[in-house]
Amino acid sequence: MQYLLLIHSDENAMQSATQEETGSILAAYGAYMQAMADAGVSKGGQRLRPTSTARTVRVQNGKTQVLNGPYAEVKEQLGGYFLIEAPDLDSAISWAARCPGAQYGAIEVRPIWEMSAAQGQEPRYESEAAGVR
């Protein structure tokens, strides 16, 4: 099953890190990505630019509204993600715990819910789905 590991951290703290601290963090991520590749679980991943570059788009009453920045004012921002293939949720959680970002913020683990032509026949909500774990 595929899982998305969403990396949440305080982008202001990351941006104020010294060059040495940044180098150390990037090296830790490099080792983590290599370990995932070696284990055959990595399906992709990227870091995201700061929230100051974000746009939030809504459509209300047929009109598109574009707001600068993220929608929510939160302490931690979504800074990147990894898409992995893991046999179960426990394994995905184990990979999330090894992510360097877990030391500075939080890693949200979300199972991928694949879209299919038979959408009307699939559970609509997690509570309706059996055996997600």
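This is a predicted model: local features need pLDDT of at least 70, side-chain atom pairs count only at pLDDT 80 or more; totals for chains, interfaces and linings use all residues.
I started with Phe82, which counts as buried at 6% relative accessibility (buried is under 20% relative accessible area, exposed over 50%, partly exposed in between, with a 1.4 Å probe and protein chains only). Residues are numbered from 1 along each chain as its sequence is written, and side-chain values use heavy atoms, with hydrogens and water left out.

Next I looked up ring pairs (centres within 6.5 Å; planes under 30 degrees apart are stacked, over 60 edge-to-face, the rest tilted; Trp counts by its six-membered ring). The whole structure gave me three aromatic pairs. Tyr29 and Phe82 are stacked, 6.4 Å centre to centre with 25° between the planes. Tyr29 sits in helix α2 and Phe82 in strand β5, 53 residues apart (helices are DSSP runs of H or I with at least four residues, strands runs of E with at least two, numbered from the N terminus). Tyr32 and Phe82 pair edge-to-face, at 5.4 Å and 70°. Tyr32 is in helix α2 too, so this pair ties together parts 50 residues apart in sequence. I found Tyr32 buried, at 5%, and Tyr29 buried, at 16%. Ring pairs join Tyr29, Tyr32, Phe82 and Trp95 into a cluster.

Then I checked the sheet. It is open and antiparallel, with four strands in the order β2-β5-β1-β6 (strands pair if DSSP finds at least two bridges between them). β2 (42-47) and β6 (106-111) are at the edges with a single partner strand each, so one side of each has no neighbour in the sheet.
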